[in-house]
Amino acid sequence: MVFKNIRVFFLGSDDFPVDAKIAAARDLNAALEAGWSGFIIAERIPLSEIARAHELAEHPVRPGRVVVTL
Amino acid sequence: MRAAWHEKQGPAREVLTVCEMPDPIAGSGEVRIRIAASGINPGDIKKRQDSFGIGMAYPRVIPHSDGAGRVDQVGDGVPAEWLGKPVWCYGTQPYRPFGTAAEFTVVPVERVAPLPGNVSADQGACLGIPGITAHRAVFVAGPVKGHTVLVQGAGGSVGLCAVQLARRGGAYVIGTVRSSSEEATAKNAGAHEVLRNDNAQEFRARLAESAPDGIDHIVEVAFGANVEGDVELLKMGESIASYATR
């Protein structure tokens with residue numbers, strides 16, 4: 001491999017600087033307000049069935065996110 | 001309140017319980033949110049399974065970092081304007097025991113954002129971890145305006161957010177995907193071009209046409225698998241931001 005003075009960042013979201021998280025939330029909101037459709041919601045599962053929701057997140061039956069509803 | 005929790009780690013059906021526990025109270029600098037939707041992320045699953053081998057961080061854990069709902073109580077020092085506001089929140093987990101899989105969650109107000117009027121609680125509950133990870137992954141090396149950004153895994157949750165945020169940041173965005181459904185997701189998120197990367201030779205030939213001068217910044221989901229190829233694609237002195245590896 002040729003080393004080309006590349007900078008590498010290994011990111012762990014739990015430990016981002018607070019300012020970076022706040023900037024991210026602001027920009028995500030701006031995108032949504034401008035009409036970005038966001039995620040496909042694949043499953044909406046009530047809290048009483050949370051174990052099934054976790055199983056669907058582990059083994060998806062269709063593309064998209066799993067949301068627990070209350 | 002009604003809440004889901006686990007007191008040991010293992011398969012979902014063996015460890016998750018749904019039961020009653022006392023309502024939490026917003027402390028200083030915190031808000032309490034009546035949760036409408038609670039998002040599930042891979043990290044939530046891994047913490048329940050003990051994939052990291054670090055055991056239970058607290059004796060009882062209510063899972064899920066991210067959620068959305070309405071503020072129904074504010075703690076000391078938090079402006080009353082938050083009361084009643086639809087919001088989304090992030091970072092209720094880890095470093096705190098009680099996440100969003102409950103009727104109420106309590107979280108420091110700096111981890112709460114207003115939910116725009118045209119956005120559902122379901123969407124809000126999905127934003128936190130992938131959206132914030134994507135934002136950092138796009139901008140950690142600086143602004144991307146006028147740059148060519150390659151998003152590896154552009155059909156995933158972080159990937160599609162990275163595509164959208166890089167596009168809004170003024171980059172030329174190329175996404176890579178492995179299936180036609182991911183291809184549709186990446187295009188819908190705003191990618192200028194979407195390439196399949198399952199055939200390495202074909203991928204490199206197409207990318208040489210799309211970005212003849214090379215790539216300025218790569219958002220990477222599979223660092224171990226892709227790093228050698230990534231370095232070849234990048235211009236001298238540019239950057240990779242990786243949030244996962246395999």
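This briefing describes aromatic ring pairs and charges placed over rings. The structure is a predicted model. Over all chains, it holds 3 aromatic pairs. One of them links A:F10 with B:F223 in an edge-to-face arrangement.

**The pair A:F10 and B:F223**

- The ring centres of A:F10 and B:F223 are 4.8 Å apart, and their planes stand at 70 degrees to each other.
- Because A:F10 belongs to strand β1 (residues 7-10) of chain A and B:F223 to helix α7 (residues 223-233) of chain B, this pair joins two chains.
- A:F10 counts as exposed because its relative accessibility is 60%, and exposed residues are those over 50%.
- B:F223, by contrast, is buried, as its relative accessible area is 16%, and the limit for a buried residue is under 20%.

**The pair B:W88 and B:Y90**

- A further aromatic pair is formed by B:W88 and B:Y90, whose ring centres lie 6.0 Å apart.
- The planes of B:W88 and B:Y90 meet at 45 degrees, so this pair is tilted; edge-to-face would require over 60 degrees, and stacked under 30 degrees.
- B:W88 is buried, with 0% relative accessible area.
- B:Y90 likewise counts as buried, at 4% relative accessibility.

**Charges over rings**

- In chain B, the ring of B:W5 has the charged end of B:R60 over it, at 3.7 Å from the ring centre.
- The charged end of B:R136 is placed over the ring of A:F16, with 5.7 Å between that charged end and the ring centre.

Note on methods: Residues are numbered from 1 along each chain as its sequence is written. Chains are lettered from A and ligands numbered from 1 in the order in which they are written. This is a predicted model: local features need pLDDT of at least 70, side-chain atom pairs count only at pLDDT 80 or more; totals for chains, interfaces and linings use all residues. Side-chain values use heavy atoms; hydrogens and water are left out. Rings of Phe, Tyr and Trp (its six-membered ring) pair if their centres lie within 6.5 Å; planes under 30 degrees apart count as stacked, over 60 as edge-to-face and the rest as tilted. Helices (H or I, at least four residues) and strands (E, at least two) are DSSP runs, numbered from the N terminus. Buried means under 20% relative accessible area, exposed over 50%, partly exposed in between (1.4 Å probe, protein chains only). A charge sits over a ring if NZ of Lys or CZ of Arg is within 6 Å of the ring centre and within 35 degrees of the ring normal.
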